[in-house]
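Good morning, and thank you for making time for this presentation.

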Amino acid sequence: MKRRSIISQILVIVMLLSLVGCGSDAIEKETTEALNEEEYEQQMLEAETTPYGKYPETIYYSLGKVTGDNNSNMPAGDTYENNEYTRYLLDKINVQNKDAFEANEYKDYDEKAEMDIKTRNIPDIMVVSDYDTLKEVVEAGLVEDLTDVYEKCATPRIKEIYDSYGESVLSTAMFDGKLMAIPETSIATGPSLIWLRKDWMDKLGLDDPKTLEDVLDIVREFIKKDPGENGPGNTVGLVCDEELTGDTGYAYEYQLDMIFTSFGAYPKQWIEKDGEAVYGSVQPEAREALIKIHELYEEGVIDNSFLFRTKSNIVELIEGGQCGSFFGPWWAPNNPLCDVIATDTEADWRPYLVSTDGSPSGKISYASQKSVGQYVVVRKGFEHPEIAVKIISVLFDYARYEGDDVEGIKAYYEMNVAPTAYPLTINVDYKDALNRCYKDLTAAMNGEKKESELPILESSYYNVCKDYESKTEHTPEEWAAYTSRITALGLISKAEASGRLDEVESLYFGETETMKTKWLSLCESEKEIYLQIVTGDKNISYFDVFVKKWQSGGGIKITNEVNDELSN
């Protein structure tokens with residue numbers, strides 16, 4: 001209280017001198033009016049204990065800042081310390097970041113953050129990329145307990161958002177009953193879709209696929225009849241990443257998860273079987289799936305050169321019209337297809353959601369995703385740890401759902417400014433945020449909801465999608481927005497409404513004690529053996545050899561540790 005009394009008096013004196021010497025225009029942003037001691041203390045208390053309370057003076061905080069390519073696509077003149085988000089926060093709650101360091105996502109940033117952690121000299125606020133790093137800073141006593149500030153400064157909606165994931169998100173940041181970080185949420189993105197050249201299908205008189213086998217038949221026809229006129233042998237089948245499937249809890253482009261799930265196999269995932277957690281990569285179902293995938297490789301349905309291609313090579317095949325099929329998420333129109341449409345206006349890429357159980361209207365199985373991304377931590381001893389929570393409340397609640405002064409932020413969305421422009425490079429949203437977005441957008445487009453009722457993200461897409469339906473010619477960006485947000489998400493939403501989605505829960509995303517020394521070599525061995533079986537370098541019988549080596553090489557011990565952690 002004494003410190004703030006002195007500050008309050010100094011501020012009043014400085015402001016009076018400023019007024020005498022320069023006039024009212026010289027008054028700085030830090031305070032908008034001379035406050036007496038009692039007013040100052042009341043305002044500060046409200047700011048420290050409520051989500052939207054505004055500090056009576058600008059509070060500066062040092063920040064470890066994740067940056068993005070091309071200045072995160074921000075307009076000229078905007079920086080990571082001075083952009084629409086930082087200006088909004090300055091206006092609403094009077095906080096301003098001073099970046100202790102800026103480093104590109106994610107390797108460069110992680111290396112710089114790790115250096116600061118080792119020297120015990122972390123910024124006031126920073127993002128750590130994974131649980132292991134969070135555990136490191138907590139055990140080193142470097143970060144603040146955020147339990148109290150979360151209760152006071154997280155809005156009811158922010159708490160509701162975290163509650164939408166059950167206990168799976170906040171619990172990962174709890175240590176000895178204390179909330180030591182604010183987790184990023186990873187929204188559920190649903191199953192992979194198959195993206196196909198509809199213009200090629202029309203040229204060959206092919207119907208839309210309903211099952212995985214329909215997809216494979218279409219790819220066979222693409223290769224055999226060459227609708228893209230690439231010449232004999234030059235049309236590539238399903239392009240594929242050498243990882244084959246998504247890592248624990250994650251789905252990516254150009255992978256074969258849908259083929260594995262058609263056999264009830266979930267490689268790289270810890271799933272439930274007979275009441276216990278088992279590792280999907282060593283299950284008999286994975287063996288059966290590998291037999292099928294090898295056959296498809298031998299047939300050429302799967303690109304025979306996939307081991308020699310980088311992701312950029314795959315994109316070149318798609319852009320060059322040599323490939324008409326790949327598995328990918330709902331956001332594939334943004335990357336890579338937006339650039340494809342820009343270079344080949346004849347290409348008609350469309351998403352399809354197909355069953356994995358063989359029935360045209362059957363189940364669509366897929367593994368659930370990790371619901372936690374990164375973590376926001378606050379330096380131990382920082383006077384205003386609540387700032388981290390207030391920033392989240394302002395940007396991911398007020399600005400998104402309530403603010404009527406967010407045109408600048410809305411323009412950022414429309415300009416495709418990357419999320420790395422946020423001071424805290426995270427996202428906090430409902431688990432079913434994509435389904436909510438689709439329903440809100442379609443309701444507004446159908447006249448069932450006013451545009452003014454839409455949250456800012458949906459509102460930023462509304463005009464683009466509405467115009468798309470009324471125009472015959474579109475920019476690649478308009479096509480990408482509509483195809484991702486309406487077409488692709490519509491397929492997933494309708495499948496969910498009809499009860500067709502079968503989400504198999506991934507149970508474990510952490511690191512056990514034995515994993516610290518054994519997991520990397522086990523994963524490398526798994527990748528090598530899987531690829532050898534797919535390409536025919538090893539017979540399928542070698543899968544059984546691999547499983548035994550996996551078990552004796554630490555797999556059984558790790559499985560026991562995983563189950564022990566899950567039972568605690």
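Let me begin with a salt bridge between the side chains of Lys-527 and Glu-243, with a nitrogen to oxygen distance of 3.0 Å. Please bear in mind throughout that this is a predicted model. The two partners come from distant parts of the chain, 284 residues apart: Lys-527 belongs to helix α19, while Glu-243 sits in the loop between α9 and α10. Are these two residues buried or exposed, or do they fall in between? Lys-527 has a relative accessibility of 26% and therefore counts as partly exposed. Glu-243, at 32%, is likewise partly exposed.

This bridge is also part of a network. Glu-242, Glu-243, Lys-268 and Lys-527 are linked by salt bridges. For the structure as a whole, the count comes to 33 salt bridges.

I shall take two further examples. Asp-217 forms a salt bridge with Arg-220, and their closest N and O atoms are 2.8 Å apart. How far apart are these two residues along helix α9? They are 3 residues apart in that helix, which spans residues 212-225, so about one helical turn separates them. Asp-217 is partly exposed, with a relative accessible area of 40%. Arg-220 counts as partly exposed at 22%.

The second example is Asp-348 with Arg-350, where the closest N and O atoms lie 3.0 Å apart. Asp-348 has a relative accessible area of 23% and is partly exposed. Arg-350 is partly exposed too, at 38%.

On the surface, Asp-357, Asp-502, Glu-503 and Glu-505 gather in a patch of negative charge. One of them, Glu-503, is placed in strand β14, residues 501-504. Its relative accessible area is 37%, which makes Glu-503 partly exposed. Membership of such a patch requires over 30% relative accessible area and no salt bridge.

I turn now to the aromatic residues. How many aromatic pairs does the structure hold? There are 20 aromatic pairs. Among them is a stacked pair formed by Tyr-279 and Trp-550, with 5.4 Å from centre to centre and 5° between the planes. This pair connects distant parts of the chain, 271 residues apart: Tyr-279 lies in strand β9, residues 276-279, and Trp-550 in helix α20, residues 542-567. Both Tyr-279 and Trp-550 are buried.

Helix α20 takes part in another such contact, through Phe-543. The ring centres of Tyr-530 and Phe-543 are 6.5 Å apart and the planes meet at 55°, so this pair is tilted. Tyr-530 is in helix α19, residues 515-535, and Phe-543 in helix α20, so the pair ties together parts that are 13 residues apart in sequence. Tyr-530 counts as buried at 4% relative accessibility. Phe-543 is buried as well, with a relative accessible area of 2%.

Aromatic residues also gather in a group: Tyr-85, Phe-396, Tyr-412 and Tyr-422 form one aromatic cluster.

Between helices α19 and α20 there is a loop, and Gly-536 lies in it. Gly-536 is partly exposed, with a relative accessible area of 39%. Which residue is 242 residues from Gly-536 in sequence and 6.9 Å away in space? That residue is His-294, the distance being taken from C-alpha to C-alpha.

Finally, some remarks on the backbone. The peptide bond from Asn-335 to Pro-336 is cis, with omega near 20°. Pro-336 is found in helix α13, residues 333-343.

Two residues other than glycine may also be noted for a positive phi. For Asn-70, phi is near 55°. Asn-70 is placed in the loop between β1 and α3, and with a relative accessible area of 60% it is exposed. For Arg-120, phi is near 60°. Arg-120 is placed in the loop between α4 and β3, and its relative accessible area of 53% makes it exposed.

Thank you for your attention.

Notes. Residues numbered from 1 in each chain as written. Predicted model: local features only at pLDDT ≥ 70, side-chain atom pairs only at ≥ 80, totals over all residues. Heavy atoms only, no water. Patch = residues over 30% accessible without salt bridge, like charges linked within 9 Å, V, L, I, M, F, W, Y side chains within 5 Å. Areas by Shrake-Rupley, 256 points an atom, 1.4 Å probe, with all protein chains shown as cover. Salt bridge = Lys/Arg side-chain N within 4 Å of Asp/Glu carboxyl O. Lys, Arg positive; Asp, Glu negative; His and termini not counted. Charge placed at Lys NZ, Arg CZ, Asp CG, Glu CD. Helix = DSSP H or I, 4+ residues; strand = E, 2+ residues; numbered from the N terminus. Buried < 20%, exposed > 50% of the residue type's maximum accessible area, 1.4 Å probe, protein only. Phe/Tyr/Trp six-rings, centres within 6.5 Å; stacked < 30°, edge-to-face > 60°.
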